[in-house]
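Here is a short tour for you to follow with the model open beside the text. Take your time and turn the view as you go.

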Amino acid sequence: MKQLNYDVVVIGGGPAGMAAALKAKETGATVAIIERNDELGGILNQCIHSGFGLSYFKQELTGPEYAELFIKQVAAVDIAVYLKTMVIDLSGERQVKAMNEEGMLQIDAAAIVLAMGCRERTRGAIKIPGSRPAGVLTAGLAQRYVNIENRKPGERIVILGSGDIGLIMARRLTLEGMQVLGVYELMPYANGLYRNIKNCLDDFDIPLHLSTTVTNIIGYPHLEAIEVAKVDENFKVFEETREVIPCDTLLLSIGLIPENELSQKSGVSLNPRTNGPLVNEALETDQPGIFACGNVLHVHDLVDNVTLEAEQAGTAAAAYALQQNIEIGVSENRPTETKPSEIKTAIPLSPGENVGYTVPAKMTIPSSKEARILFRVRKPLEQAEVVIQSGATILYQGKPRAFKPSVMEEVVLNPADINGSEQPITVSVREVKK
Ligand SMILES: Cc1cc2nc3c(=O)[nH]c(=O)nc-3n(C[C@H](O)[C@H](O)[C@H](O)COP(=O)(O)OP(=O)(O)OC[C@H]3O[C@@H](n4cnc5c(N)ncnc54)[C@H](O)[C@@H]3O)c2cc1C
């Protein structure tokens, strides 16, 4: 088995992995990226629509264009890139086992950045009754067929789920000459970004059916029809609304699952709300020296946020690694930025009223840097305010405005705001009367 050694090993070469690796390199570490695909870029390579980079690059790019800007930067510095290399094991001691055409690799790292992204939920996750025909596939797989492999998934398409991937595919398949009969959404509101509802459905007269779901899959060996029905607020079907829709393709856009099997092998604890690792404000998991960022940590809607988060993880991982290596005498290379926290106490951070989850899940106080808190609301709120509290003390209160679950929220706390807090911190979004 080939043995290798780096200060920082980044698992996954998507936008998160590349941004983390670049920052770690800038901080002075030796860095490797391990990617199972034959190119860097992750999911962006199949997202040929525009809408990427608006906040990070202040210009509208396609997914491959956004990825390319990072691929070029990675190529320009001394970062080792292992393509077509699959990580199959990770230990809590930060030993990576990977496999490629040449055989097995063992890579020892002083710090690890987890950047494996996420995968799509399939039919089994929501247990749709009916037969098991060809023609039922996830929206991301259909995107790969159309945009990369030049294949057509079908002719008459129904989409279940109004997340961004489903909305983007509704437009894409329409542009490719397929007939998209409608998008069906279980919730009483759309899950995707407002701009995608407008640009992908409204502009193409594709109907969006809210509080409606697929109740049966009909046909074998190929899909012939689906049955849909309206549901009440407890998702109970209104029997009289059952309707059969002839179609040959059902696309599922019903959510993403962070890919954390490797993280679990290394002993990293997961947040049951996000299925991503529990991290502190430096994005370090509960396994020392293992950091996480991007979709493996929690599902992001915008890649720009993935990049910012990954830069933070890469900087912190390099600082950890270099400090570690100085302590054990294998390096004199000092980090150009120090570890963001002088760890005193880890204070838990938890979701309060109307909030689904928070990242991080704990903060080490006092922190020498600002602490970014990311969260999502559980349901749409027309007029509400963010309130961050430590016990009864209010640390932050935002201005009243509207909130949607599809939009990730961010509050940046100043160290001065949190210094002296000892009680658990709660993030709530409270409704305010108009
Ligand atoms: C259909 C779709 C449309 C989108 N539209 C937009 C948009 O309009 N605007 C926008 O800003 N964002 C959009 N996004 C979101 C954005 O693309 C993602 O948030 C971003 O790509 C996530 O980056 P990541 O690096 O965390 O994950 P990924 O891009 O998924 O990268 C993870 C990488 O890790 C690799 N990997 C995983 N496991 C292993 C392993 N064991 N060994 C080696 N390698 C491994 C994978 O091969 C992959 O390359 C869209 C996403 C999708 C799917």
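Around the ligand, the shell is made up of 19 nonpolar, 13 polar and 5 charged residues. Here Ala, Val, Leu, Ile, Met, Phe, Trp, Tyr, Cys and Pro count as nonpolar, Asp, Glu, Lys and Arg as charged, and the others, Gly among them, as polar. Please keep in mind that this is a predicted model, where local features need pLDDT of at least 70, side-chain atom pairs count only at pLDDT 80 or more, and totals for chains, interfaces and linings use all residues. Residue numbers start from 1 along each chain as its sequence is written.

In total, 37 residues surround the ligand, and the closest are Gly12, Gly14, Gly42, Gly117 and Gly294. Helices (H or I, at least four residues) and strands (E, at least two) are DSSP runs, numbered from the N terminus.

The domain bounds come from an automatic or database domain assignment:

| Domain | Residues |
|---|---|
| domain 1 | 1-121 + 255-339 |
| domain 2 | 122-254 |
| domain 3 | 341-434 |

Domain 1 and domain 2 each supply at least three residues to the ligand shell.

How do helix 4 and helix 5 pack? Their angle is about 35° and their axes are 9 Å apart. Axes are lines fitted to C-alpha atoms, for helices over the stretch in contact, and angles run from 0 to 180 degrees between N-to-C directions. Ala139, Gly140, Ala142, Gln143 and Val146 of helix 4 meet Ile165, Gly166, Met169 and Arg172 of helix 5. By class, this contact has 5 nonpolar, 3 polar and 1 charged residues.

Finally, look at the open sheet of 3 strands, ordered 21-23-27 with antiparallel pairing; two strands pair if DSSP finds at least two bridges between them. Its edge strands are strand 21 (355-359) and strand 27 (409-413). Strand 23 (residues 371-377) is joined to strand 27 by 5 bridges, and alanine 371 has leucine 413 in strand 27 as its bridge partner.

Definitions and conventions:
A residue is near a molecule or strand if its C-beta atom, placed from the backbone, lies within 6 Å of it. Two residues are in contact if their C-beta atoms, placed from the backbone, lie within 7 Å.
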